[in-house]
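Please examine the structure shown below before reading on.

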Amino acid sequence: MEQYLPHPTIATIQNYIDGKLYNPVSDRWIDNVQPATGMVYGRIAASDRSDVEKAIDAAQAAFNAWSKLPASKRSDHLLALADLMERDLELLAEIESFDNGKPLHVARTVDITRSITNIRFFATAILHQSSECHETEPGVLNFTLRQPLGVVACISPWNLPLYLFTWKIAPALAAGNTVVAKPSEITPATAFYFSQLCTEAGIPAGVINVLHGPGQAIGEPLIADPRVKAVSFTGGTATGASIAAMAAPRFKKMSLELGGKNATLVFADCDFERTVSETARAAFSNQGQICLCGSRIFIERSIYEDFKKAFVEKVKALKVGDPSDSASTIGAIVSEIHLNKVLSYVKLAKEEGGTLLCGGKRIELNGGFFMEPTVFEGLDPYCRTNQEEIFGPVVTLFPFDSEEQAVEYANCTPYGLAFSVWTSNLNRAHKLSSELQAGIVWINCWMLRDLRTPFGGMKQSGVGREGGWDALRFFTEAKNVCVKSS
Ligand code: NAD
């Protein structure tokens, strides 16, 4: 292989089990493709049931000692790991950008920075945890013990690979669980490098195990195993449904963070310039491949034409290009399969009567999976283009005539993840926050995250909440202890 690699080890993505790297038991592998060139640059373990069993054995064996460590010791381990990630921040960013296709500066300032913060946030949160105590009557105390569950499964997607991987495993480990993690087989490289840092940081063997390969071959035996007590999943809604079908009859705890079709509501009294540039960022960040991206933009009719003109100009100025070039605002789509899926929605939007305002085509560049940022208007809010998640750089614009109509349009899909409202009217902002069916409502901002807040979606966007105490509650079992003094 002639190709440059950010780190030689990522040419072969092995499983991390019981503190060591292993080839898959079957010795079967799948190709690893670089989105910016379309080239196969390495191979990924195609793990199956046998690897899953080894990983669960290791996690089960490690649970007793890890769960009995004082919180301060678990915190020390995780903080040591975060320090190593910080030491290797630039390398991790290069690996993430290489493996996923996102611009290097995005990987550096968003993905890896936030991954380190995820670990530090939960490593220190457990130092501040307390539990309730109720004095039922004199001499009777009811208190709540929060105990780790055991072995837990953490399954994460390709769009924010290390960011979402650490968002799950950090609270799971901090709460005293041991983990079998399964990053996406489309972007396994940073999780693989991270597993090597776990050894260097002295995380005890078996506490974290990372399996690579196709979802179903790993997911089914992992979720079915009675030793796995909870499943934390982020990914598509259809996959979430199949995971729920496996986990629910086994009475496992489930946290499902699923797809979105987010609405952006722009009112005539918004801060115009800022709204144009922030809503374009909300639409096209990470090539439109963030579950929080606002892909349906509703604009009050009185400013529709002006906003459309300014928005389309802004989008045309976005630079699609080599992810390692600091001038690129948009990198490559994660895979050819996904690029073709996104392009199929461009075709559908035209068939459904949409008018293409800009973009719409694949860009031929170095053999990579690049695409123009795309804007449509003239589509019905209820058509397929506006109801189904595209998860790429395609957005639609619509005018609306009243607040009621804006709310109806925003709420009219099966999803309910993250909406944004752009207005200077505080009363309207409060009213809409309560009427919008979404787990997150941003007012005059987008993706401004505070890790203490509940994170998740309504309707088909998910079940449960991550973040802050919600995550630590999910990864623990509450036990009521009632003590009566004699
Ligand atoms: P996906 O559902 O295809 O895969 C997600 C993960 O699940 C991968 O690791 C995959 O290997 C695994 N998987 C696939 N089939 C499985 C099975 N049967 N059992 C167990 N695991 C299985 O999703 P994706 O294409 O990687 O990610 C894109 C989707 O993720 C989009 O729908 C996006 O909206 C969603 N997403 C949601 C959030 C959120 O917080 N709500 C965040 C990021 C992405």
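Helix 7 (215–224), strand 11 (228–234) and helix 8 (237–247) each contribute at least two residues to the shell around the ligand; helices (H or I, at least four residues) and strands (E, at least two) are DSSP runs, numbered from the N terminus. The model is predicted, so to speak of local features requires pLDDT of at least 70, side-chain atom pairs count only at pLDDT 80 or more, and totals for chains, interfaces and linings use all residues. Residues are numbered from 1 along each chain as its sequence is written, and side-chain values use heavy atoms, with hydrogens and water left out.

The ligand is surrounded by 29 residues, and the closest are S156, E185, T239, L258 and E389; a residue is near a molecule if one of its heavy atoms lies within 4 Å of it. By class, this shell holds 12 nonpolar, 13 polar and four charged residues. Here Ala, Val, Leu, Ile, Met, Phe, Trp, Tyr, Cys and Pro count as nonpolar, Asp, Glu, Lys and Arg as charged, and the others, Gly among them, as polar.

Polar contacts (pairs of N or O atoms within 3.5 Å) are listed below.

| Residue and part | Distance to a ligand oxygen atom |
|---|---|
| S156, polar backbone atom | 2.8 Å |
| K182, polar side-chain atom | 3.0 Å |
| T239, side-chain N or O atom | 2.6 Å |

Taken alone, the ligand exposes 850 Å², of which the protein buries 89%; accessible areas come from the Shrake-Rupley method with a 1.4 Å probe.

Conventions. Polar contact = N/O pair within 3.5 Å; in protein donor to acceptor, adjacent residues only side chain to side chain.
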